[in-house]
Amino acid sequence: MTNIKDIVKDFWLGPKIEECIDSTVGQIHLLKQIETRWGKNMAKNTNLDRDLMTFARWHMAGFRILPQEKALIGVRWDPPHNLGPKTQIRKPRPVYLYHRHQVKRVRY
C-alpha cells in the first residue's frame, strides 16, 4: 500500500524510466535519438535504466543539466480507456528525458 507522500513524490518527479522503455518501440526510439546526436558507440554503451532520467529526477540525484542541452523525447503509454465493448484506446504521451552525457555533478 502506498502512502500519500510517495504518490506526491512520484507526481512531482515525473514518470519513471521503466514506463518509457517497457515496449521495444520506446527503447528503439530513444536509442535512435542517442545515435543521431552522439553516434553509434554512445548508443551501444547506453544503459537505458541508469543513463536516462527526467529533469527533476536528475536534480534530486544531485546533478544539473548542462546549459543549452535539448531533451530526448521518450514515449509513455497511458493505461487503456474503454470506449465500448470491443474498443480500447492507449494514447502515447511524451516524456522529456536527459542522458548522463548531458548532466554534471553539483555539490550542495
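Visitor: What does the accessible surface of the protein come to, and what share belongs to carbon and sulfur atoms?
Guide: The accessible surface is about 8100 Å², and carbon and sulfur atoms account for 56% of it. Accessible areas here come from the Shrake-Rupley method with a 1.4 Å probe, and for residues only the protein chains shown count as cover. This is a predicted model, in which local features need pLDDT of at least 70 and side-chain atom pairs count only at pLDDT 80 or more, while totals for chains, interfaces and linings use all residues. Residues are numbered from 1 along each chain as its sequence is written, and side-chain values use heavy atoms, with hydrogens and water left out.

Visitor: How many helices and strands are there, and in what pattern?
Guide: The protein has six helices and seven strands, arranged along the sequence as α-α-α-α-α-β-α-β-β-β-β-β-β. Both are DSSP runs numbered from the N terminus: helices are H or I with at least four residues, strands are E with at least two. The C-alpha trace spans about 50 × 35 × 25 Å along its principal axes.

Visitor: What percentage of the residues count as buried?
Guide: Of the 108 residues, 30% are buried. Buried means under 20% relative accessible area, exposed means over 50%, and partly exposed lies in between (1.4 Å probe, protein chains only).

Visitor: Which residues make up the largest nonpolar core?
Guide: That core has twelve residues: I17, C20, I21, L30, I34, M42, A43, L48, L52, L72, V95 and L97. The elements that each give two or more residues to this core are α2 (17-20), α3 (24-38), α4 (40-44) and β6. A second, separate core has five residues, among them I65, A71, Y98 and V103. A nonpolar core is a set of buried Ala, Val, Leu, Ile, Met, Phe, Trp, Tyr and Cys residues joined through side-chain atoms within 4.5 Å.

Visitor: And what does I17 touch, leaving out residues up to four places away in sequence?
Guide: With those left out, I17 touches L48, D49, L52 and L97. Contact means heavy atoms within 4.5 Å.

Visitor: Let us turn to H99. Where is H99, and why does H99 count as buried?
Guide: H99 lies in strand β6, which covers residues 92-99. H99 counts as buried because its relative accessibility is 0%. Not counting residues up to four places away in sequence, H99 touches I34, W38, M42, T46, D51, L52, W58 and L72.

Visitor: Which side chain joins that of H99 in a polar contact?
Guide: The side chain of T46 does, at 3.2 Å. A polar contact is a pair of N or O atoms within 3.5 Å; within protein, one must be able to donate a hydrogen and the other to accept it, and residues adjacent in sequence count only if both atoms are side-chain atoms.

Visitor: W58 was on that list. Which residue forms an aromatic pair with W58?
Guide: F63 does, in an edge-to-face arrangement with 5.1 Å centre to centre and 75° between the planes. A search of the whole structure finds one aromatic pair. Rings of Phe, Tyr and Trp (its six-membered ring) pair if their centres lie within 6.5 Å; planes under 30 degrees apart count as stacked, over 60 as edge-to-face and the rest as tilted.

Visitor: What sits over the ring of F63?
Guide: The charged end of R105 does, 4.9 Å from the ring centre. The criterion is NZ of Lys or CZ of Arg within 6 Å of the ring centre and within 35 degrees of the ring normal.

Visitor: A change of topic: where is D78, and is D78 buried or exposed?
Guide: D78 is in the loop between β3 and β4, and D78 counts as buried at 11% relative accessibility. Its side chain makes a polar contact of 3.4 Å with the side chain of R76. Leaving aside neighbours within four places in sequence, D78 is in contact with R90, K91 and R93.

Visitor: Finally, what is phi of Q68, and where does Q68 lie?
Guide: Phi of Q68 is near 65°, a positive value in a residue other than glycine. Q68 lies in the loop between β2 (63-65) and β3 (72-77), and Q68 is exposed at 79% relative accessibility.
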